Every structure is written in structure tokens, then in C-alpha cells.
Amino acid sequence: MMTDIERQAADPVPERVVLPRETLEAEVIVIGSGPGGTITAMQLAEAGCDVMLLEEGPRLPLDSASHFSRDEIVQKYRNGGTTVGFGTGKTAYVEGRCVGGGSEVNRGLYARLSPDAMAEWNRDCAVDGLTEAAIQPHHEACEALVRPSYLPDAGSPLSLKLHEGASRLGWRVEEVPRLVCYQIDPKTWHVITRKQSMTETCVPKFLRAGGRLLTDIRVLRLSRSAGQWRVHGLRGREGVAVRSVALAAETVIVACGPIQAPALLRRSGITRHVGNNLRFHPMIKMVAVFPDEMNLPGQLDPVHEIKQFDPRFSLGCSISSRSLLALTMVDHLDHVADVDEKWRHMGIYYVQTTGGRGLVRTVPTFNDPIVTLRYDAADMRDFGEGLRKLGECLFAAGAVALYPAMAGAPVLRSPADLRRIPIQMPPEQANLSALHLFATCPMGENELRCATDSFGKVRGTDGLHVTGAAVLPGATIVNPQGAVMAIAHRNAIRFLERRRPRSKRLQ
């Protein structure tokens, strides 16, 4: 029989919140319903565990708002998509805050874990048993769930421009598959897409296996008493009464992302190697203008990436809606009005690196942690060289003007103008952002830097684990969702292998 709180969890928009007085219990509580948390919760539920999956945000349909629209950002992002890390270079970053986490709001670009990343992780963190052969079955299992697909046609003109420029220069360029179901509308012959996010794939499987999903719960801290973990939090959302909630479980798995996971652990007094090693994929953008219309209504998302310069940096194309173009032109205020006239001729391109380091720290009375970032000279050289290479590619593809996302940057109108981009980008001049964050609770056997063992168990604790992007030892180099899911799948299997039979747990 469902409790009051479980009935409310099934209703994505409750009129009011009335929490029960008793403590709700489960064998396992998973905190965070992004790809790492949902893959983990689904596997455990299907193996017969009593699993409760907690999410701070709401449960919303995939199509509750247009993709990359203002409404989607307000509904599904933390703080309306306006979070910033401070330090030697200011960097804006985003976090999903809804059932499904980042899988609901990202483009769904998919790649398996990079061998270069695994080599770095094994060198720095001594991760037990992490090899290409060992991780392959976990990739395959996750791919059977989310079904990455290649384009059914040539792709969008803006994406193809990147391919064209790279091909003319002899650079390696690839189409990246997406976690999207492509279908052809038999009436219009247009391609229809449906993203294979967690709410479309793994959340339903978790619920069918008997898992319990509780939404709108912000976990404040963890404590341990009488052999159980206590989860202390608040339930409610803006405009609805907020009440305290207490939950208990034998095992807690923290999967609330590389910013919120270390913040929760640190608020709970668990600080060893927690929040000290933030890694990310910083990105600097450039708007290109072409003589012909490139940004067509209803076109598919861009999927091509230039891999010629991996692992130092990669070059790609971003969503280029009218509003996002205007936002990206913020460093060229004299030309923002051009967006109204020329936006169908314009596209947003980017340089993405693996540079930079950061810290995550909590501050009493503040809801969100403080994120500080630092870049060294080599990082800033990668941005400078990357922008020059990106400009070279776009001019080779026929661009007539380029607008780098740099304070005080000139408009570039010919390949010769690329020399005006600094070889080493000044940190204060670069307008940086990051969509992929990692490594704040790194796993591995190097006890001098790792917060967990090689499978996510927090050192010095019993029954406390971390999964998701926070537990990855470093940047993935490629788009991270494939790596996050495969590592979560791997670590969940290890948990199940070492789980005590229920009869022994009750003795």
C-alpha cells in the first residue's frame, strides 16, 4: 500500500505537501536521478533490492517544454541555468535539476570511455580493473537500454560546415552518435526525433521493478545511527509548503552530481579528498556568419566534431537558436543587432578542452556550494590555439565573419585576422562555459587523492557509496554520458556481488 509521500511522488505537480511523521525506510537509498543514479537504482531494483530513488527536482515529461528554450531552462536546470565558478577565469556551468538529470537537457551526444582518459585515471588514481576489455560489456549493456543512433540523413547545414572545413584541411572529423530515436514521418517525410533520456528508458524500468521514486526532496545531510544511514532533508518546491523529511537505509548511494555530491558529503562531515579535484570540459565559443542560409527551422541538432587535436582540445558545433546566438554575441555588443537580421546565416561553434582544476566548498547558511576554478598557462594556450584552428576551419568552409567569445575581441573577416587571437588567451578576456563536470569524489586505490575505492565505496565508512560523474577520476575527453553510465553499471554490479544475503543482514 502506498504511503502519502509515495502518492505525492507519483504526482509531478502536487497541490500541497504533507509529509508523514514516521521515518521512511529502504534497503538502499540512491540520491540523484541522473544517468549514474538511475542506472544504479534500476539495476539494484531489478536484482531484488528495496530501492528508494530521491530527486531534488520535479518529475516532468521529456516534452514539457521545447528543447533549449527558456521554459526548459527554468523548469529543469538548477538556478535557472545561472551558476558560475570563480577564480583565474570566470566559467559559467549548468546542472540539471529534475528526474533524469542532465540526460533530460543535454544533446545526448554519445561516446564510449576514451582510452586516453582511462590511461590517465589509472596513472593518477590506480583504478582497479579498469581496462577497455573490462568496461566493454558495461558499455554494451547501457547501449542496449539507450540505443545510440547515427543520423538517418546528411545532417544539419551548420554541422556539415564543420565537416566540410575539416575535410578541406585534412583533419580528422567524426559524426558523434546521439541517444535519440530517429523516425521518418510518413506524411511529411521529415525526421522526427525522440531523445532516449532516463525518463524515457531507465526510470520506467526502475519503477516496473518495484523501485520507489520520491521527488522534490533536497537532502541536507547524512548521519549514521544503529547501523543505518539517516537521510535528513526537506520536501517541497517553490510556492508549496516545505517540510522536513527523515529517511533511513542500510546503504546510501550519492549520485547527485559533481557539485552537489561533494557538498552533501562535506555537510555530513565527510571531507577526505572530497571536493578537491573538480575537473571539467571548459569551452570557448565563436559565432560564424556564412553567405547562405545555414540555420534552418526544424533542422536536426549538430553532431560533427573535429578530433584532430584530441586529447588537448576538440572542435564542434552547438545549438544555434536566435536567442542563444544573441547570448553568445555578448562580447560584441555593437553587432548584437545583426542577429535579428542574419541569424539564419549564423552558427555557434566551440573549442572544448580538458584543462582547468577546481574546488567545491560549502558555506554555512548557503544552499549552494562555492565553486572556485583555476587555469594555468598551458590551459590558456589551448584556448588560444583552439580558437585559431576553429577559425581556420570555418573560413575554409566559407565563413565571411567570425565573432570570438572574448572581451574586446575584433570581428575576424579573413584567415589573416586569426593572428589577432592571442596565442595564450588572457584568463580575464575569455568568456568560458562548461557543460561537463567530473571528479570531485574520485575513485581508485591511490589513497593520497581518492575519496572512494575503485568501485565507489567511500573510504572509512560502511554502506556509503558515490556514483555518477563525481566518482570519475578525471575528465572524459569525449562526451561523458556514456562513461558515466558504464562506470555506474560496473560499480552497481560490484555492489550486488558483495551484497550480503538478506537472511544474514537480519541476524
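## A cluster of rings

W171, F309 and F313 are joined into a cluster by ring pairs. Rings of Phe, Tyr and Trp (its six-membered ring) count as a pair if their centres lie within 6.5 Å; planes under 30 degrees apart are called stacked, over 60 edge-to-face, and the rest tilted. This is a predicted model, in which local features need pLDDT of at least 70 and side-chain atom pairs count only at pLDDT 80 or more, while totals for chains, interfaces and linings use all residues. Residues are numbered from 1 along each chain as its sequence is written, and side-chain values use heavy atoms, with hydrogens and water left out.

## Aromatic pairs around Y375

How many aromatic pairs does a search of the whole structure find? The search gives five. In one of them, F280 and Y375 are edge-to-face, because their ring centres are 5.9 Å apart and their planes stand at 90 degrees. F280 belongs to strand β12 (residues 279-289) and Y375 to the loop between β17 (370-374) and α11, so this pair ties together parts 95 residues apart in sequence. Helices (H or I, at least four residues) and strands (E, at least two) are DSSP runs, numbered from the N terminus.

Are these two residues buried or exposed? F280 has a relative accessibility of 1% and counts as buried, and Y375 is buried with 8%. Here, buried means under 20% relative accessible area, exposed means over 50%, and partly exposed is in between (1.4 Å probe, protein chains only). Y375 also pairs with F383: the ring centres are 6.0 Å apart and the planes are at 70 degrees, so this pair is edge-to-face too. F383 is buried, as is Y375.

## Salt bridges

Side chains of opposite charge can pair when their charged atoms come close. A salt bridge is counted here when a side-chain nitrogen of Lys or Arg is within 4 Å of a carboxyl oxygen of Asp or Glu. By this rule there are 26 salt bridges. One of them joins R499 and E27, with 2.7 Å from N to O. The two partners come from distant parts of the chain, 472 residues apart: R499 sits in the loop between α12 (481-498) and α13 (502-505), and E27 in strand β1 (residues 24-31). R499 is partly exposed at 25% relative accessible area, whereas E27 is buried at 7%.

E164 and K161 give you a local example, with their closest N and O atoms 3.5 Å apart. Both lie in helix α6 (residues 157-169), three residues apart, which is about one turn of the helix. E164 is partly exposed, at 25%, and K161 is buried, at 14%. Another salt bridge links D310 with K307, at 3.9 Å from N to O. D310 is partly exposed, with 23% relative accessibility, while K307 is buried, with 7%. Salt bridges can also share partners: E56, R78, E95, R97, R218 and D368 are joined into one network in this way.

## A charge over a ring

Which residue lies over the face of F455? It is R494, at 3.8 Å from the ring centre. For a charge to sit over a ring, NZ of Lys or CZ of Arg must be within 6 Å of the ring centre and within 35 degrees of the ring normal.

## A look at A378

Finally, find A378 in helix α11 (residues 377-396). A378 is partly exposed, with a relative accessibility of 33%.
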